[in-house]
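Hi there,

Here is the structure I promised to pass on to you. Please open it beside this email, and then read on for what I found in it.

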Amino acid sequence: MTDADFTRVYDFGNLYAGFLKARRGKRGKASVAKFEANLLEAICLLSEMLKNRTYKPSDYFVFRVYEPKERVVMTNAFKDKVVQHSLCDNILEPAFSRAFIRDNYASQRGRGTHDGLYRLEEFMRSYYFSHKAKAEREGREEGLSRPAPQAADYADGWVLKCDISKYFYSIQHEPLKQMVRQYVKSPGVLWLVDMIIDSTENPGVPIGNQTSQWFAVMYLSGLDHFIKEKLGIRYYGRYMDDFYLIHEDKTYLQYCRREIERYVARLGLTLNNKTNIFPLRNGIDFLGFHSYLTDSGKVIRKVRRASKSNEQRKLKKQRALLDRGKITMREIKQSYGSWRSHAEKGNCYHLIREMDQLYKTLFEEKLSEKECVT
């Protein structure tokens, strides 16, 4: 009996597509150039090694990054990236995605940070207007006049904001393998998945792996269903290990927190000290923005203060690196353009003008006349 799913992983065309994805943004690297110089032979060799199960992942290159916080990143060899793209695109993504709830935003096509932000805005507005409709209905039944929005409490409610402590480093290998087996039955694929999972010490999965992104999204998928279906939370969203619950009853959210703590403990995880319950009026920090609900039902989205400070420091550091020839102006433009595009998703007109002015001041002699206009 043929292992059709595993055949798709080592199929030449799928490995070539994996190569094209793995190459994006890395064409200047020596490892990529070496692989590409002997492309047909390299892909054929990978295909044969996978087919014969003689493939083994290379050792990881380990380094630290400090933005947005200090993390240890383990990156794999280029050939392993090619294999993992083929595995994720052809097997893991379609297998896992079928079980995900709508409001699990990370890594999936058509989802992502901006989708998560717009869904939070929808939830906050829905919460406000459902409370308004309920209050007005009760007021009519009691013969009361409609209060002004400022005098009403339609925006009153509570938020349970949760974050998992050291999430990627805490994922347990055996529970992860058992979860994968709920979605994947192919012996060949499971052989490859188990080898990738066990390529690092237990617990933990490498942040730099393509497979780790999908493992991390899937590892808490059961929690998503538990919160939505067992706890009955309507307004809920998750991006990796960062998630929120909105409810009108603080006591019920305290109960939800205890239940969530029990659930994640069975997976070897703990909630970190940023987990808290606070009034909805305070707004919610999620996906780089602070979203808050006004008395009129409008949702305002502002870039978090830390994001502004980090970008200011980054621009000044890039100016110094540019002077020493360690970075190009093209790279700086791409970096700032990315932050600016992110900020434009919020109500940040004045902040963007302020940051544009700083960018112009730091790099004016390197910018064209058109770019200097703010």
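Strand β5 (residues 242–247) has 5 of its 6 residues buried, so it is largely enclosed by the rest of the structure. Buried here means under 20% relative accessible area, exposed means over 50%, and partly exposed is in between, with a 1.4 Å probe and protein chains only. Strands are DSSP runs of E with at least two residues, helices are runs of H or I with at least four, and both are numbered from the N terminus.

Before you go further, please keep in mind that this is a predicted model: local features need pLDDT of at least 70, side-chain atom pairs count only at pLDDT 80 or more, and totals for chains, interfaces and linings use all residues. Residues are numbered from 1 along each chain as its sequence is written, and side-chain values use heavy atoms, with hydrogens and water left out.

Back to β5 and its partners. Two strands count as paired if DSSP finds at least two bridges between them. Strand β3 (residues 158–163) pairs with β5 in the antiparallel sense, over 6 bridges, and Trp-158 stands opposite His-247 of β5. Strand β4 (residues 235–239) also pairs with β5 in the antiparallel sense, over 5 bridges. There, Tyr-239 has Asp-242 in β5 as its bridge partner. With 2 residues between them, β4 and β5 form a hairpin, and Met-240 in the turn has a positive phi of about 55°.

Next, the nonpolar cores. A nonpolar core is a set of buried Ala, Val, Leu, Ile, Met, Phe, Trp, Tyr and Cys residues joined through side-chain atoms within 4.5 Å. Which residues have the most contacts inside the largest core? They are Leu-192, Ile-227, Phe-243, Leu-245 and Ile-260, in a core of 71 residues. Helix α5 (residues 78–97) supplies the largest share of this core, with 9 residues. A contact means heavy atoms within 4.5 Å.

Now to the charged side chains. Side chains of opposite charge can pair when their charged atoms come close. A salt bridge is counted when a side-chain nitrogen of Lys or Arg is within 4 Å of a carboxyl oxygen of Asp or Glu, and by this rule there are 26 salt bridges. Here are some to look at:

- Asp-80 and Lys-79 meet in a salt bridge at 3.0 Å, N to O. Asp-80 counts as buried at 1% relative accessibility, whereas Lys-79 counts as partly exposed at 23%.
- Asp-115 forms a salt bridge with Arg-102, with the closest N and O atoms 2.8 Å apart. Asp-115 lies in helix α6 (residues 113–141) and Arg-102 in the loop between α5 and α6, so the pair ties together parts that are 13 residues apart in sequence. Asp-115 is buried at 15% relative accessibility, while Arg-102 is partly exposed at 34%.
- Glu-259 and Arg-262 meet in a salt bridge at 2.5 Å, N to O. The two are separated by about one helical turn because they are 3 residues apart in helix α12 (residues 250–265). Glu-259 counts as buried at 18% relative accessibility, and Arg-262 as partly exposed at 47%.
- Arg-23, Arg-27 and Glu-36 are linked in a network of salt bridges.

Finally, the protein as a whole. Its secondary structure comes to 16 helices and 9 strands. The C-alpha trace spans about 80 × 60 × 35 Å along its principal axes. How much of the protein is buried? Buried residues make up 47% of its 374 residues. Among contacts between residues at least 6 apart in sequence, 70% join residues at least 24 apart.

Happy exploring, and do write back with any questions!
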